[in-house]
Amino acid sequence: MAQHQSARYTRRTRLSIATAGILAVTAGAWAITHGNSHAATAPVKQAVSVDVATVVSRNIVDWQDYSGRLQAINRIDIRPQVSGVLSGVHFRDGSLVKKGDLLFTIDQRPYIAAVDSAEAKLASTMAQSAYASAEFTRAKALIADNAISRKEFEQKQNDANAASAAVLAAKAALRIAKLNLAYTQIRAPIDGRVSRAEVTLGNLVTANESYPLTTLVSSSQIYASFDVSESVFLHYVDMGKAKSSSELPVFMGLADETGYPRRGALSSVDNHLNPSSGTIRVRAIFDNSDGRLIPGLYARIRLGGDQPHPAVLIEESAVGTDQDKRFVYVVGNDNKVNYRQVHLGSVQGDLTIVTQGLKTGERIVVNGLQRIHSGAVITPHQVLMDPPSHSSSS
């Protein structure tokens, strides 16, 4: 009985082990079958499509941009040269005037009377001089005949000389009186723009007083003053080295103007460098035929180098920032991108100069930098580097 139960137990154990083996094999086969099916249907990662352009190479002029202020070439304080009551103001505040235009009139009546008095004095001295001259002529005839004494002769001679001197003094006094009368009409000494009248009608003005009646600034031409760095001064502007530094291209634009539409010429360079800022003051001169340029206005200045030279240029959108470094992604022949640090120069219209890091003919990613990384394989979409819209006055 016991042997029969043991045999039955042994058969059940063998059957369980066989069943477990079959289930294990079946499960493995299912896993392999379904796993391969999943692997076969997994999507393959596509290469990123980005815009790629070839760097631009051309001859350029180095341009440096500055901020400056306009200054009048001539600025004159209009002051009275004679005293009197202001009887006329003959301009509108801020108007353009021509040389010789009447600006102010001072009451002329006292000065007209002074001229009349000086003329009368001159007439009197001339009459006295004529009489003294006639007496001296008679004295010369009488002395020849010993009809008068030597002392009397010399007295007549002295009276004639004194009368002639009195005439000269009277003529000088008349000229001064007429000059003072002319000073009662204050005229513009140059062409320009006049300020407001600081003194109104009826006020007493004093000759050479401390405050001006108005100010007048020249308007046909104007200065633009700006500060350049020591390196720019030594390389481009130094009047002692440059053969024709006054011919360096310089352009200007006002705050409301597009680009740099006004061309000028370098006029002067200061005689010392500011050690605290490392800059030196430079002045350029510009025509002001339209009268828009007023002293004190903000001006954008663009100064160019003397000779064109070859340079590599790229779009600003192609440049990435890595902390304090600037970089681009260079595309190889195998369409793999590589990180490349670059050094940038000034802006030339829509493009930026690359001073170090790129060569002519290399391709770079110009759009989609955020979607790639160094070593990635891309699908390049070839585009043109944006053509520079820069011109010498833009």
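Strand β19 (residues 325–331) is largely enclosed by the rest of the structure, because five of its seven residues are buried; buried means under 20% relative accessible area, with a 1.4 Å probe and protein chains only. The model is predicted, so local features need pLDDT of at least 70 and side-chain atom pairs count only at pLDDT 80 or more, while totals for chains, interfaces and linings use all residues. Residues are numbered from 1 along each chain as its sequence is written, and side-chain values use heavy atoms, with hydrogens and water left out. Strands are DSSP runs (E, at least two residues) numbered from the N terminus, and two strands pair if DSSP finds at least two bridges between them.

**Partners of β19**
- Strand β18 (residues 320–322) pairs with β19 in the antiparallel sense over three bridges, and Gly320 stands opposite Phe327.
- Two residues lie between the strands in the hairpin of β18 and β19, where Gln323 takes a positive phi near 60°.
- Six bridges join β19 to strand β20 (residues 337–348) in the antiparallel sense, with Tyr329 opposite Tyr339.
- The hairpin of β19 and β20 has five residues between the strands, and Asn335 takes a positive phi near 65° there.
- Strand β22 (residues 363–367) runs antiparallel to β19, joined by two bridges; Val331 stands opposite Arg363.

**The barrel**
- Six strands form a closed barrel in the order β3-β12-β15-β14-β13-β16, with antiparallel pairing.
- Within β12 (residues 221–229) and β15 (residues 279–287), nine antiparallel bridges are found, and Asp227 has Arg281 as its bridge partner.

**Ser219**
- Ser219 lies in the loop between β11 (214–217) and β12, and counts as buried because its relative accessibility is 16%.

Conventions. Helices (H or I, at least four residues) and strands (E, at least two) are DSSP runs, numbered from the N terminus. Buried means under 20% relative accessible area, exposed over 50%, partly exposed in between (1.4 Å probe, protein chains only).
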